[in-house]
Amino acid sequence: MSIEIGLLLLESVLLVATIILLVLSLKEGRQRDKLLGEMSKATRILTRQEYFLTVLDAMMSAKEEIVGCITGRFPGKSDSQMTKDISAILETLTKKGVRVKYLLPKFPDRLHVGSLYTKAGAEIMYSSCLMVHNMRFIIVDDRMAVIGIPESIGEAEATGKGYRIPSEGLSMVLKSYFNTCEKQTSFGDYVKEVMKQTGATAQHLAREYKIDEDELKKFLET
């Protein structure tokens, strides 16, 4: 075998080895990106869990009143249990005489959470004012506020973290903004408004937004 053939074979072997290493490197890179994505997802869920726990803890300390401006987003799989927990606490508080009033943005998909909280005894209002699209907070007994911060800018973004601030001054300022938000519409009236705008029936809304149809009809009769 001549030296030229030997060098050619060696070059071919090195080329094959290089290709194999390149393929393995790409595969490793994809696995690493997938792992980082899963870690990032887990971190976001943990942060939202901490936010909900902060809200629940603040709510359970209420003696007289809770008012809040919330997104009312349809709960995903990771949030559904927390939404049920909040509904249960609202029902317990309202039975004890605690007044609860929430303000949600005027989006039809927010009817699901509105129905749950209304059934629990809270007063749910909808508005299209600027504040309700940009602020997320609850005020407990005019002495403590929990402010929610989204993960990124945008009214559709989920709340990522909450800050509990014991301050009567801040609570007074936020409540003042809450009370001045214009054109607040009750849950029942907003359901009628959506039906008029879309032509949907109570059955359609109940199926689309996973609302108890019998409960929905009760609101329409009032």
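1. Basis of the note. This is a predicted model, in which local features need pLDDT of at least 70 and side-chain atom pairs count only at pLDDT 80 or more, while totals for chains, interfaces and linings use all residues. Residues are numbered from 1 along each chain as its sequence is written, and side-chain values use heavy atoms, with hydrogens and water left out. Helices (H or I, at least four residues) and strands (E, at least two) are DSSP runs, numbered from the N terminus.

2. Strand S4 (residues 137-140) pairs with strand S5 (residues 144-150) in the antiparallel sense, over 4 bridges; two strands pair if DSSP finds at least two bridges between them. Ile 139 has Ala 145 in S5 as its bridge partner. The hairpin has 3 residues between the strands. Asp 141 has a positive phi of about 55° although it is not a glycine, and Asp 142 likewise has a positive phi of about 55° without being a glycine. Asp 141 is buried, with a relative accessible area of 16%, whereas Asp 142 is partly exposed at 36%. Here buried means under 20% relative accessible area, exposed over 50%, and partly exposed in between (1.4 Å probe, protein chains only).

3. The disulfide. A disulfide is taken as a pair of cysteine sulfur atoms within 2.5 Å, and by this rule the count comes to 1 disulfide. Cys 129 and Cys 181 form it, with their sulfur atoms 1.6 Å apart. The link of Cys 129 and Cys 181 is left-handed, with -75° about the S-S bond. The pair links distant parts of the chain, 52 residues apart: Cys 129 lies in the loop between S3 and helix H4 (130-134), and Cys 181 in the loop between helix H5 (168-180) and S7. Cys 69 is in no disulfide; the nearest cysteine sulfur, that of Cys 181, is 6.8 Å away. Cys 129 is buried at 15% relative accessible area, Cys 181 is buried at 7%, and Cys 69 is buried at 0%.

4. Helix H5. The 13 residues of H5 should span 18 Å at 1.5 Å a residue, and the end C-alpha atoms are 18 Å apart, which agrees; the expected span is 1.5 Å times one less than the number of residues. Ser 171, Leu 174, Lys 175 and Phe 178 are buried in H5. They cover an arc of only 100° around the axis, so they are on the same side of H5; the arc is that of the directions from the helix axis to the C-beta atoms. The face of H5 turned away from this buried side carries the exposed residues Met 172 and Thr 180. The cover over the buried residues of H5 includes strand S1 (65-69), S2, H4, S4 and S5, where contact means heavy atoms within 4.5 Å.

5. Helix H6. Helix H6 (residues 187-198) has 12 residues and reaches 16 Å from its first C-alpha to its last, close to the 16 Å expected at 1.5 Å a residue. Its buried residues are Phe 187, Gly 188, Tyr 190, Val 191 and Val 194. They cover an arc of only 165° around the axis, so they are on the same side of H6. Lys 196 and Gln 197 are exposed on the other side of H6. Among the elements that cover the buried residues of H6 are H3, strand S3 (123-127), strand S7 (185-186), helix H7 (202-208) and helix H8 (213-221). Gly 199, whose phi is positive, near 80°, follows H6.

6. Aromatic pairs. Rings of Phe, Tyr and Trp (its six-membered ring) pair if their centres lie within 6.5 Å; planes under 30 degrees apart count as stacked, over 60 as edge-to-face and the rest as tilted. By this rule the count comes to 3 aromatic pairs. Tyr 102 and Tyr 117 form a tilted pair, 5.7 Å centre to centre with 45° between the planes. This pair links distant parts of the chain, Tyr 102 in strand S2 (residues 99-105) and Tyr 117 in helix H3 (residues 111-119), 15 residues apart. Tyr 102 is buried at 2% relative accessible area, and Tyr 117 is buried at 6%. Tyr 126, Phe 187 and Tyr 190 form one aromatic cluster.
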